[in-house]
Amino acid sequence: MHEIVVEIAGEEKKIPIKKRSIRVDSLLEKLSIYPETAVVVKGRELLCDDDRINAGEKVKIVVATSKG
């Protein structure tokens with residue numbers, strides 16, 4: 001099994017993935033995060049829902065919150 005490293009709210013987590021890569025939208029679904037509320041960044045690049053994250057890579061997920 002492969003894994004990627006995800007940083008959410010300042011904490012790093014290793015997320016197992018079945019294949020060598022995972023789509024951004026699939027990762028967010030796996031983490032129970034609505035795609036409309038999050039931005040996924042790899043290095044200095046913003047990722048789109050259909051971009052792929054390869055095993056061994058690190059991404060940062062920033063979740064927007066509303067205090068409405």
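1. Glu3 and Lys14 form a salt bridge through their side chains, with an N to O distance of 4.0 Å. Glu3 belongs to strand β1 and Lys14 to strand β2, so this contact ties together parts eleven residues apart in sequence. The model is a predicted one, and the distance should be read as such.

2. The two partners can also be described by accessibility. Lys14 is exposed because its relative accessibility is 59%, over the 50% cut-off. Glu3 has a relative accessible area of 37% and is partly exposed.

3. Five salt bridges are counted in the model. Another of them pairs Glu7 with Lys58, whose closest N and O atoms lie 3.9 Å apart. Here the link runs from strand β1, which holds Glu7, to strand β7, which holds Lys58, so parts 51 residues apart in sequence are tied together. Lys58 is partly exposed, at 40% relative accessibility.

4. Lys58 also meets the side chain of Glu12 in a salt bridge, at 2.5 Å from N to O. Glu12 lies in strand β2 and Lys58 in strand β7, so the pair connects parts that are 46 residues apart in sequence. Glu12 counts as exposed, with 52% relative accessibility. Through shared partners, the salt bridges join Glu7, Glu12 and Lys58 into one network.

5. The strands named above pair as follows. Strand β1 (residues 2-8) and strand β2 (residues 11-17) run antiparallel and are joined by seven bridges. Within this pairing, His2 has Ile17 as its bridge partner, and Glu3 has Pro16. The two strands make a hairpin with two residues between them, and Ala9 in the turn has a positive phi of about 55°.

6. β1 is also joined to strand β7 (residues 58-63), by four bridges, and these two strands run parallel. The bridge partner of Val6 in β7 is Val59.

Key:
Residues are numbered from 1 along each chain as its sequence is written. This is a predicted model: local features need pLDDT of at least 70, side-chain atom pairs count only at pLDDT 80 or more; totals for chains, interfaces and linings use all residues. Side-chain values use heavy atoms; hydrogens and water are left out. Two strands pair if DSSP finds at least two bridges between them. Buried means under 20% relative accessible area, exposed over 50%, partly exposed in between (1.4 Å probe, protein chains only).
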